[in-house]
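Dear colleague,

Please find the structure below, handed over for your study. I would be grateful if you would look through it before reading my notes.

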Amino acid sequence: MKKTLLITGGNGFIGRALTDKLLKEGYNVRITTRREPKKQPANPAVTLVQADYNDVKSLQKALEGCSGVFHLAAAIFGFNYRDFEQANITATQNVVEAVNNTPSVETFVHVSSLAASGFAADKNAPRTEEMEPAPVSDYGITKLGGEKAAKTLRPGVKWTIIRPPIVYGRNDSGVSKIAAWVKRGLMVNTSGNGLFSFVHVDDLVEALWLAFSRPDTGGETFFICEPAVYGWDYFIGEMANAMHVKKPFMPQAPHWLMNAAAWIYETAARITGAQPALNYDKVKEAVIPGHWICSNAKWVKLTGQQFTPLSEGLKKSF
């Protein structure tokens with residue numbers, strides 16, 4: 001009989017790719033959804049189950065019979081700290097409590113973020129797992145809070161924390177929004193001379209699978225990324241090449257303009273109910289005096305996983 005694994009946030013960009021991977025590995029996949037599903041997926045190995053992240057009992061019901069959990073659900077954007085806290089800390093605490101009350105669950109993989117660790121002040125000293133976390137945004141602070149919650153799982157549950165940087169790939173809404181501006185021929189540079197780490201979604205999914213399936217990843221935190229780091233100008237240039245369009249004009253955005261843009265986006269989002277493309281919290285991360293880079297050395301030493309170079313990954317994405 002095939003075992004069942006639960007994915008929170010499984011309807012998102014990473015969750016859909018992870019679902020495909022788990023199905024190929026021979027598992028049944030159960031995906032949580034906040035609303036009652038109108039219909040189930042055509043594939044009988046995939047089921048949607050309604051769950052309320054504020055209700056531990058509903059989460060326990062969703063977990064019944066599951067042997068493992070991939071916790072992807074999170075808030076990347078929010079209007080205030082409370083929004084992030086509710087989605088990234090409280091929800092994780094509730095999922096953990098539900099797991100602790102579900103004897104069948106043996107493995108828990110928690111997807112965190114580089115933002116939980118913070119930025120690197122020196123481009124030659126990327127963030128490592130041994131460094132003391134120093135998040136600068138509400139998103140980063142609450143993702144670190146989610147990590148702390150994951151570490152309170154009962155004995156007998158093997159947990160692993162994965163910290164990716166910028167994740168990109170086919171059908172990613174974030175990359176799609178950037179691509180739309182690249183196609184228009186204009187892309188504001190908000191990062192100055194800062195450098196970034198990236199990971200292609202296929203590589204991240206492979207890492208999540210290894211974190212789940214390997215016994216030697218338990219009780220550990222890992223950065224998952226390509227070893228090379230890149231400036232925003234290079235990233236946009238390679239994206240334009242992958243799209244077969246001219247590299248866009250890229251003026252540098254001053255801090256005041258970024259705050260003004262964040263206000264416009266947040267105001268529009270409050271009116272329409274849509275997720276803002278930019279907010280004040282993201283501006284905090286954009287203006288840091290350093291680099292959003294991390295080292296994959298600990299993970300590669302353990303697993304030997306190889307990673308897709310950015311230029312190749314962008315070609316795959318488009």
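The notes that follow cover the nonpolar cores, the aromatic rings and the charges placed over rings. Please bear in mind that this is a predicted model.

The largest nonpolar core has 31 residues, and F70, L208 and I224 touch the most other members. At least two residues of this core come from each of β1 (4-8), α1 (13-24), β2 (28-33), β3 (46-50), β5 (107-111) and α6 (201-213). Helix α6 contributes the most, with nine residues. Leaving aside residues up to four places away in sequence, F70 touches several residues, including L5, L18, V109, L208 and F212. Another core lies apart from the largest one; it has 25 residues, among them A179, M187, W232 and L310.

The aromatic pairs come to 13. Y230 and Y234 form a stacked pair, with 5.0 Å from centre to centre and 10° between the planes. Y230 counts as buried because its relative accessibility is 12%, and buried means under 20%. Y234, with a relative accessible area of 35%, is partly exposed.

The ring centres of W232 and F235 are 4.9 Å apart and their planes lie at 55°, so this pair is tilted. These two residues are three apart in helix α7 (residues 232-243), and therefore about one helical turn separates them. Both W232 and F235 are buried. Ring pairs join Y168, F196, F198, Y230, W232, Y234 and F235 into a cluster.

Finally, the charged end of K282 sits over the ring of F77, 5.9 Å from its centre, and K298 lies over the face of F222, at 4.9 Å from the ring centre.

With kind regards

Terms used. Residues are numbered from 1 along each chain as its sequence is written. This is a predicted model: local features need pLDDT of at least 70, side-chain atom pairs count only at pLDDT 80 or more; totals for chains, interfaces and linings use all residues. Side-chain values use heavy atoms; hydrogens and water are left out. A nonpolar core is a set of buried Ala, Val, Leu, Ile, Met, Phe, Trp, Tyr and Cys residues joined through side-chain atoms within 4.5 Å. Buried means under 20% relative accessible area, exposed over 50%, partly exposed in between (1.4 Å probe, protein chains only). Helices (H or I, at least four residues) and strands (E, at least two) are DSSP runs, numbered from the N terminus. Contact means heavy atoms within 4.5 Å. Rings of Phe, Tyr and Trp (its six-membered ring) pair if their centres lie within 6.5 Å; planes under 30 degrees apart count as stacked, over 60 as edge-to-face and the rest as tilted. A charge sits over a ring if NZ of Lys or CZ of Arg is within 6 Å of the ring centre and within 35 degrees of the ring normal.
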